[in-house]
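Okay, thanks for coming, everyone. Let me put the structure up, and then I'll walk you through a few parts of it.

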Amino acid sequence: MGYDDMGYDDAVELITRLVCRFRRLDSSQLSATDDLADTLGFDSLDAAELVAAIHQATGQELDVTSYQDLRTVQNIAAHLTGNVTEGSAV
Amino acid sequence: MFVSDKKFEELDPVWLLNQYRSAEVSGAGAIMRMGRLAEGAELSADLTRHLRDEAVHAWLWTRALREIDGKILDVDEPYQSRLAFHFGLPRSLNDLLALTWVSESRGVEQYRMHMDVKDISTTIRQTLRAILKDESWHVAYIGEELTRRARSDAAIQQTIDRALEADAKAVSELGADVAPLSDPRPRAAVPS
């Protein structure tokens, strides 16, 4: 599957799948708006693993400087598809 | 890993062993995640063995702490924090491998320096000796993996350079009297 022209919904699906795989969750247990740190205890190592897995799956490096930029699936998908707005980056 | 610019004799042994224990526990977390990202059978096997080592080492330091009636404490890991700060968020398995290589290299250095101290307990000396053998293997296999990857991906050079630079800044800020690390690849494989 090519990810060059990945849309936002595809990005949400990919990120949800990766987070759920690493945390042994069913995708129904994770909402795209859940705060990953608050709900899953996501830390810097989890973020590094997720960013590396996204790179592996898509060939794209996320343009983020800190794991705190990766708050929710929705937010990460916005970074991945270049749709970051002031609101989505928080 | 680099824990302090003080001499070993000046350090609280409970604090020092907690530093070692904490580094091994954190290492296990990182290696577990890298193991999930590894594509090849050989790297997967090496990372699995490495994960076992980190867990065993954490237990060995826990046991050594118990033998000196030391409590398990939450300790800051100044070298890891500085290294992460200067490298930034790792974005690929290559980044994670390069960071792990510099960190493991400093770990070997730290444990060797501690082994050179004459007046240390038999328990600590035996633990250091047992762990050093594994740690040397960690440095070797990750260095070989980076060398292998660099043959087909020129960007690995930049990744290694960034990790070496972050390490140099980290040890400098901590006042460490240690030499810079060299490129993990054999000299002949490093472009001049």
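So, how many aromatic pairs does a search of the whole structure find over all chains? The search finds 4, where rings of Phe, Tyr and Trp (its six-membered ring) pair if their centres lie within 6.5 Å, and planes under 30 degrees apart count as stacked, over 60 as edge-to-face and the rest as tilted.

Before I go on, the housekeeping. This is a predicted model, so local features need pLDDT of at least 70 and side-chain atom pairs count only at pLDDT 80 or more, while totals for chains, interfaces and linings use all residues. Residues are numbered from 1 along each chain as its sequence is written, chains are lettered from A and ligands numbered from 1 in the order in which they are written, and side-chain values use heavy atoms, with hydrogens and water left out.

Back to the rings. One of those pairs is B:Tyr20 with B:Tyr111, and that one is edge-to-face, at 4.8 Å centre to centre with 80° between the planes. The pair links distant parts of the chain: B:Tyr20 sits in helix α1 of chain B and B:Tyr111 in helix α4 of chain B, 91 residues apart. Helices here, by the way, are DSSP runs (H or I, at least four residues), strands are E runs of at least two, and both are numbered from the N terminus.

Are these two tyrosines, B:Tyr20 and B:Tyr111, buried or exposed? B:Tyr20 counts as buried because its relative accessibility is 0%, and B:Tyr111 counts as buried at 0% as well. The cut-offs are under 20% relative accessible area for buried, over 50% for exposed, and partly exposed in between (1.4 Å probe, protein chains only).

B:Ser103 counts as buried because its relative accessibility is 14%. Its side chain makes a polar contact of 2.6 Å with the side chain of B:Gln80. A polar contact is a pair of N or O atoms within 3.5 Å; within protein, one must be able to donate a hydrogen and the other to accept it, and residues adjacent in sequence count only if both atoms are side-chain atoms.

Now the interface. What touches what? 13 residues of chain B are in contact with 21 residues of chain A, contact being heavy atoms within 4.5 Å. Across that interface the rule finds 2 salt bridges, meaning a side-chain nitrogen of Lys or Arg within 4 Å of a carboxyl oxygen of Asp or Glu. A:Asp46 forms a salt bridge with B:Arg33, with the closest N and O atoms 2.7 Å apart. On the chain B side, α1 (13–37) and α4 (93–115) each supply at least two residues, and α1(B) gives the most, with 6 residues.

Last stop, chain A. Chain A has 4 helices and 0 strands, running α-α-α-α from the N terminus on. Buried residues make up 42% of its 90 residues. In helix α3 (residues 44–58) you'll find A:Ser44, which is partly exposed, with a relative accessible area of 38%. A:Ser44 and A:Ser66 are 22 residues apart in sequence and 8.4 Å apart in space, C-alpha to C-alpha.

That's my tour, so over to you.
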